[in-house]
Amino acid sequence: MHLLQYCRPVATAFVLSLASSGALAEGEIWVSNEKDNTISIIDEQSLDVVRTIDVGERPRGITFSQDHSVLYLCASDSDTVQVIDPESGEVLNELPSGEDPEQFILHPDDRHLYIANEDDAITTVVDVESRKVVAQIDVGVEPEGMAVSPDGKIVITTSESSNMAHWIDTETHEIIANTLVDQRPRHASFTADGSELWVSSEIGGTVTVFDVESQSEKAKIGFEIKGVRPDRIQPVGFELTSDGKYAFVALGPANHIAVVDQQTYEVLDYILVGRRVWHMTFNGDESLLFTTNGVSGDVTVIDVAKLEPTKTIKVGRFPWGAAYRPSR
Amino acid sequence: MPGSSKSEPESLKHVVSLLRRWPTTIACFGLALLLASDQSAASADLEVTIGYLERVQPPVPVLSNLETTPADQGLAGAELGVADNNKTGKFLGQTFMLKKRVVDHDEDLLGAARELLGRTKLLLLDMTSEDLLAVADLPEAKGALLINISEGDVSLRDKSCRKNLLHTIPSRAMLADALSQFAVQKKWTRWALVEGPEPEDKAFAEALDKSTEKFDIDIRGRKVWGFGADMRRNAAQEVPLFVQSFPEHDLLVVTDERGDFGRYLLYNGWIPRPVAGSEGLRPDAWSGAVEQHGAAQLQRRFKSASGRSMRAIDYAAWAAVRAIGEAVTQTKSNDPVALRAYILSDDFELAGYKGRKLSFRPWNGQLRQPIPLTHPRAVVAQAPLEGFLHQLNEMDTLGIDRAESRCTSF
């Protein structure tokens, strides 16, 4: 009796702490391995690779449908987007993607994929139901970063060699604006409220923030890490927390993730991760962040509350993209 | 096509239905006006003509019959650069054109240069050091922006520099420093040097002399190549004897820029030593083996346009056109003086598929760039190598730095 009374609060606290750190969730993190033609699947609870599946050549962009019932994967060198059953790991069908698809974004209508065709200077729009190309839009040289506004009205393509963000009207499939950014833009994303567009520039070493309504530059974020020479600091992939608090920016060969205050644009911290960090994904409640480290071939797990790395997980060769799949 | 064949009544119906929804229509009209005004701001239609002037050199005999220099070397890179610029320019109302002029070695170069300068003051030049200076010193070239895409002569970046002449091809000093850094990193600091008989081979050897002094590398033996024999048949007999007398060394370095005899040194040494310089491990602006930092995309674009792999001079021509394009994008001008000022400023940066932003040295107009060290199938290293530090920019550990530059016209 005494013992029980004593134990209960401790047990409750223990359970609570597990819940808050997300350890009770049972989702999976899917990682595309560019030079292995595989996907490594990490169990969110054990933080181990529990499955590896074979996919098309040079898998890069990776995303799930809204209900997570299918996975879309850019198999760049197979010139296709593969539709994969996440349960069986089997390729259900392939979508016409245009040549060399690298990154893509799924429209909030859950039906249209906007795909950057790196070698062709084109953005291809594919209807995933009819499996037909709906439109192809001429963009700048080497399109790469793709983003869609939360209301679905605007899609962004960044072109690496033209150093621009192209603003595409999703109704007319026409470009309504082109905004210049620093050299070699890599990734783009809207804030959760849709008011801002963020674009990273790998060679320029900056992240540019645009006001969406006026399409004008609002802020430019630079980075500086003691002991790392400036031109090794190359912002590539990034993720914005949906509560508007943080931006996590992968700095490529600087082997760090920058933590940026989404409101003040101040860099708060730098977190050491693996070599040549590319992209990342959150788990379901955004308590953990998983970064793909291309050169070291692993994934770093970051505790978002503490802003600390907690584990490194070996995956395949050149992990590129990551996507989260919750358990049923 | 379907739009233009629309019949009269249909379009009338369209107007009526538009009027019925007049509030939306007005809003749309307003938006259209806004977009149109935005469009007209963008299409201030700036035309930029870039000239390309090449003087074909008399062909030189080499022992191997297999390779020929592509006739479009350099030009193919410039053409790709213009295509890239136009893909960007079409969103900004900027159009780029290339006006090429190729003259034979016995033709009137300066006449052609004057004519081309009458059309445009932005010029890429593919010719010898002497010709470059003659063109740069023409009265018509005053205030022009000339870019050397093929000549590695160190003096052009040093005391013979010209204010209107920039360089996207690395100097021999930059290539030599890249090789020296690699050798120091590997601790292969005892060299034997085989110098070719041509003036350019001597010039490369001089650059290596200077560089090895800077990086404390010991050239312990050197010989000038002097065989008249056809090495394809008897390299195996001749070369071991030729290099046998060299003192103990880690690296056999050869200067043979035209690619005549150097290839026969590989695997024919007296002792097993790697070969570097003009053969074996080569420092150069570019090679078909470069693929990192997105370079594979540039290689693919180049190959599909020209049907061959990209060479150093092609890369230098591409970079020259892209540098002009970048300056036009940023300054929205085609004035050579404004473009030159921007290109030499701290604001200029160019993504050149080498993993670092490229810029020009304001003291001599040389494009700063990493130098890949390659063999035909892979990149072995890329200079500046880890550990070679510089107070401002590590790429300035390659070639003539500000403090040692004797260029005074910048």
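Leaving out neighbours within four places in sequence, Ser287(B) touches Gln299(B), Met310(B) and Thr374(B) in this predicted model. Ser287(B) sits in the loop that runs between β10 (282–283) and α9 (295–306) of chain B. Is this serine buried or exposed? Ser287(B) has a relative accessible area of 14%, and since the cut-off for buried is under 20%, Ser287(B) counts as buried.

Two packed helices are described by the angle between their axes and the distance between the axes. For α3 (residues 75–89) and α9 of chain B, the axes come within 10 Å and cross at roughly 110°. An angle from 65 to 115 degrees counts as roughly perpendicular, so that is how α3(B) stands to α9(B). The crossing of this pair is right-handed. On the α3(B) side, the contact is made by Ala76(B), Gly77(B), Leu80(B) and Asp84(B), while α9(B) supplies Leu298(B), Arg301(B), Phe302(B) and Ser306(B). Sorted by class, that gives four nonpolar, two polar and two charged residues.

α3(B) also packs on α10 (residues 312–331) of chain B, here at an angle of about 30° and with the axes 7 Å apart. Angles under 35 degrees count as roughly parallel, so α3(B) is roughly parallel to α10(B). This crossing, too, is right-handed. From α3(B) come Ala76(B), Gly77(B), Ala78(B), Leu80(B), Gly81(B), Val82(B), Asp84(B) and Asn85(B), and they meet Asp314(B), Ala317(B), Trp318(B), Val321(B), Arg322(B) and Gly325(B) of α10(B). By class, the contact has seven nonpolar, four polar and three charged residues. Ala76(B), Gly77(B), Leu80(B) and Asp84(B) turn up in the contacts of α3(B) with both α9(B) and α10(B).

Then there is helix α4 (residues 109–119) of chain B. Which of its residues are buried? They are Leu109(B), Gly111(B), Ala112(B), Ala113(B), Leu116(B) and Leu117(B). At the N-terminal end, α4(B) is capped by Asp108(B), which has a side-chain oxygen 3.4 Å from the backbone nitrogen of Leu110(B).

Notes
Residues numbered from 1 in each chain as written. Chains lettered and ligands numbered in written order. Predicted model: local features only at pLDDT ≥ 70, side-chain atom pairs only at ≥ 80, totals over all residues. Heavy atoms only, no water. Helix = DSSP H or I, 4+ residues; strand = E, 2+ residues; numbered from the N terminus. Buried < 20%, exposed > 50% of the residue type's maximum accessible area, 1.4 Å probe, protein only. Contact = heavy atoms within 4.5 Å. Axes fitted to C-alpha atoms, helices over the stretch in contact; angles between N-to-C directions. Parallel < 35°, antiparallel > 145°, perpendicular 65-115°, else oblique. Left-handed = near helix turned anticlockwise from the far one by under 90°. Nonpolar A, V, L, I, M, F, W, Y, C, P; charged D, E, K, R; others polar. Polar contact = N/O pair within 3.5 Å; in protein donor to acceptor, adjacent residues only side chain to side chain.
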